[in-house]
Amino acid sequence: METASEDVLVSRSARGDEQAFGVLVERYKGMLYSMSRRLMKDPGRAEDAAQESFIKAWAALPGFKGESKFSSWLYRICYNTCISELRKRKPEVELDEAMGVPVEGPVQEFRNRDIQATIQEEVSKLPDDYRAALTLYHFNGLSYEEIAKLTHKPMGTIKAHIHRARAVLKTRLLERVGWDNLKEVMWQ
Amino acid sequence: MREKGTEGQRDRGIERSGSGAGCELLRSRLQDYVTRELEPESRRLFDAHLVECGECQHELALMTAVVSTLDHQPVLDPQPGFSEKVMRSLPRQRVFVFSPWWSLALAPLLAGAVWLFRTPLERGIAGLLGRYVPVSVTLPALTMQSAGIAAAAVVGLGLLVTAGGAVFCWRAYLRD
Ligand SMILES: [Zn+2]
């Protein structure tokens, strides 16, 4: 069962085969949890959202006709779950407002994984819409078009969100890490 | 390597200083360059400008670091026991799962049905024998013994049919 192809597992799950669905959960739990963790930020709530996404997927599977990839379909459910959770929580803030917190100067010692950590931290400060577009593009590997369809936003808006978010991250990375440290890590 | 600030580059609005129009053009398309979304002609201009503009090289290195970090975000694992929690909270579905065990369960049902309709079945068999078998065959009277044999034959046939069905279902089950 663990080695069965995705199509087999999906069609068996759609007919109520829990064992097959268990394999899908095992396969996608990391992806779905990482995605909701990046969208929701809080680990506990992210886990709840990922769990809820799987339960919704299980209920909706008999209606899944395979027009899209199963993974894209699952991401859509997860995205919608996270976004509706986020909307319950707080009003959306603007990018400038969210990123307006001053940062301390560059640190002394720096390694590659610190760049990853810094970027993750700065991503988590982005407004929900920007963070979502960036996550769907870079982490889930969706195209601008797919993200636009999923989020019901114009493609131009999605592209602008991603571009602005990256520009902010670039500035923040430079502020926090400093060019000398970055150069050393990047060229090593 | 090309000469700094050749005519060809100036014609296209690209200059070598850190704040010229070339730099502006380049910075506005910097992300598309990094994510390889730039059309080939612009890409060539970009490359030519990069060779001689330190500031743009610097910008490019930074943006490359950002994009490549974003592209290589690690997959995070939920708490242990997450899958079990999900499976436990699935609502039970009333969906018919077509498995071999279902078809095996049909065997006694089929035998029972044949036993219930034994009289019309016996008549039908006698009729068929009368029509296609040239020699006149007299069916034994329905004694306890013949009824037992008939029932055993019917159950045997039912089992055979359902076993065939089971093999078919099992293959269908394995296939999809
Ligand atoms: Zn330049």
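## Basis of the model

The structure is a predicted model, in which local features need pLDDT of at least 70, side-chain atom pairs count only at pLDDT 80 or more, and totals for chains, interfaces and linings use all residues. Residues are numbered from 1 along each chain as its sequence is written, chains are lettered from A in the order in which they are written, and side-chain values use heavy atoms, with hydrogens and water left out.

## Interface of chain B and chain A

In chain B, 39 residues are in contact with 50 residues of chain A (heavy atoms within 4.5 Å). The two chains bury about 4,100 Å² between them, 61% of it on carbon and sulfur atoms; buried area is the accessible area (1.4 Å probe) lost on putting two parts together, summed over both.

The rule finds 3 salt bridges across this interface (a side-chain nitrogen of Lys or Arg within 4 Å of a carboxyl oxygen of Asp or Glu). B:Glu59 forms a salt bridge with A:Lys170, with the closest N and O atoms 2.2 Å apart. On the side of chain B that touches chain A, at least two residues each come from helix 3 (30-34), helix 5 (54-71), helix 6 (82-88) and helix 9 (144-175); helices are DSSP runs (H or I, at least four residues), numbered from the N terminus. Helix 5 of chain B gives the most to that side, with 11 residues.

## Surface of chain B

B:Leu110 lies in helix 7 (residues 100-116) of chain B. This residue is partly exposed because its relative accessible area is 35%, the class between buried (under 20%) and exposed (over 50%), with a 1.4 Å probe and protein chains only.

B:Leu110, B:Leu157 and B:Val161 make a nonpolar surface patch of about 270 Å². Patch residues have over 30% relative accessible area and no salt bridge, and nonpolar side chains (Val, Leu, Ile, Met, Phe, Trp, Tyr) are joined within 5 Å; accessible areas come from the Shrake-Rupley method with a 1.4 Å probe.

Key: Patches are made of residues with over 30% relative accessible area and no salt bridge: like charges are joined within 9 Å, nonpolar side chains (Val, Leu, Ile, Met, Phe, Trp, Tyr) within 5 Å.
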